[in-house]
Amino acid sequence: MRLHNIEFRCLSLLFNALALLTVSHIVHTTHIRKICEKRDIFFEAFSCPRERPGKWDHEPITYLLYDVNPGEGFNLRRDVYIRMAVFLQFLRTQPGYRRSRLVLPPWSNLVHWRSHNIEQTQLPWSHFFDLPSMKAYTDVIDTPEFLAAYETLHGQGAAVVLDEVYKLKHFDNMFENGVFVDKFEEHVCPKSDSGTLPFLGYTNFATKEFTCLHFQGSAMLLHKLLETYKRKGQSVRYVLVLNAEIVLHDLWGNVDYWEARRSMRFAHSLVEVADRFRWDYLNSSDEQDRTVRPANWRDASHRRRAKGGEYICAHLRRADFLYGRDKTTPTIQSAALQIRAKLLELGLKTVFIASDCSRTEFYNLKNYLKRFRVVRFAPENYEQRATLKDGGIAIVDQIICSHARYFIGTYESTFTYRIYEEREIIGFPKDLTFNTFCKSEKEMNCEKNTVWPIVYN
């Protein structure tokens, strides 16, 4: 009798456990379905159940192209990409858009690229980034891939005819009645705008419809825009959004942001140049600096165990910051004194400088730091500069800075923010990363850049 009771209890416990497991599975899959259908992006990543291959082949393909104001720099454009990539990841969960693809705009003679004696037009993203890594986040393609796909559908050498082009512009009054509301509305295009502009720098691009819009809101508002202007019977749809920097993040710094950001690994060729420089001039390597990362960014975990090389990195933004942000940008002497204090505090003797400063400014900086090694990356020759391009040189600087023992950057610089992000991904303690130059070395509590720690799902 006692044995019978024990068996009954065991069976009862097993039944309850199986019931709880079943309920938890139902709750889990229902939660995922809500995320996919209701776009609850504020708390969860877009982790929808895998669909069987070919399930959505009957749906149209939407090629979403975008471009950024010509005056915007390299590092802000990288941030705009994240807004668009996170949006596309959501868009691909919506009926009628599950085969959408994001087309990456080429890089051409950006405002901060000063080397006018090398070719820097229509550069693909693959020149600077690891495209297979980015594709592991969502369906993105480089412009050459898009052109090849277009020719496959429309014939070799066919001019690219876009279905719709939307040129975005801020509302004159973004806070009507003191409230910011997500919205868009058409306005009359200025005479300077035309449907025959060289879109993305290509003279063979044209459009059927060119619409000027006042736009304010997050990237998710683009879904409503696409729905509003959608025409029936389209098997393939080509849409271009101009001035995409106007589109805001849905929530900057959440899981979706960081997954898209983590996927943006640099091109292997640039990493090799940076690693060789670190070894030759800074005695730094991933193994001894505890900065080894898994081959696939999805396999990374949240661990702050990075040590970094025996050098600090200082990003000193000059040029337009000396005029536009003169109240927060230090002089060369003040920056040198702040660097010197940190070198002494950490017991280090080497500082790597990432800067757009002039030769004279760099010479003066070295004079202020005579007791220390002051190192800067420069291409070995013209051939290497022509290969790397100005954008590649900037990335090499960022890679070297992201492996330093300690980093200090410039207030409100997107270049500095990109280094913060790289160091968060690698796994440095926050106090060795989120540091900002003050206007004066005498200031102890000057305004600092915002700290946005990495988030994992």
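**A tour of the aromatic rings**

Begin by selecting Phe-74 and Phe-129, both of which are buried, a word that here means under 20% relative accessible area, with exposed being over 50% and partly exposed in between (1.4 Å probe, protein chains only). The model on screen is predicted, so to speak of local features requires pLDDT of at least 70 and side-chain atom pairs count only at pLDDT 80 or more, while totals for chains, interfaces and linings use all residues. Residues are numbered from 1 along each chain as its sequence is written, and side-chain values use heavy atoms, with hydrogens and water left out.

The structure holds 29 aromatic pairs, where rings of Phe, Tyr and Trp (its six-membered ring) pair if their centres lie within 6.5 Å, and planes under 30 degrees apart count as stacked, over 60 as edge-to-face and the rest as tilted. The rings of Phe-74 and Phe-129 have centres 6.4 Å apart and planes at 10°, so this pair is stacked. Phe-74 lies in helix H2 (residues 74-91) and Phe-129 in the loop between strand E2 (101-104) and helix H3 (131-135), 55 residues apart; helices (H or I, at least four residues) and strands (E, at least two) are DSSP runs, numbered from the N terminus.

Next, select Tyr-166 and Tyr-229, whose ring centres are 5.2 Å apart with planes at 50°, so the pair is tilted. Both of these tyrosines, Tyr-166 and Tyr-229, are buried.

Finally, show Lys-183, whose charged end sits over the ring of Phe-171, 4.6 Å from its centre, the criterion being NZ of Lys or CZ of Arg within 6 Å of the ring centre and within 35 degrees of the ring normal.
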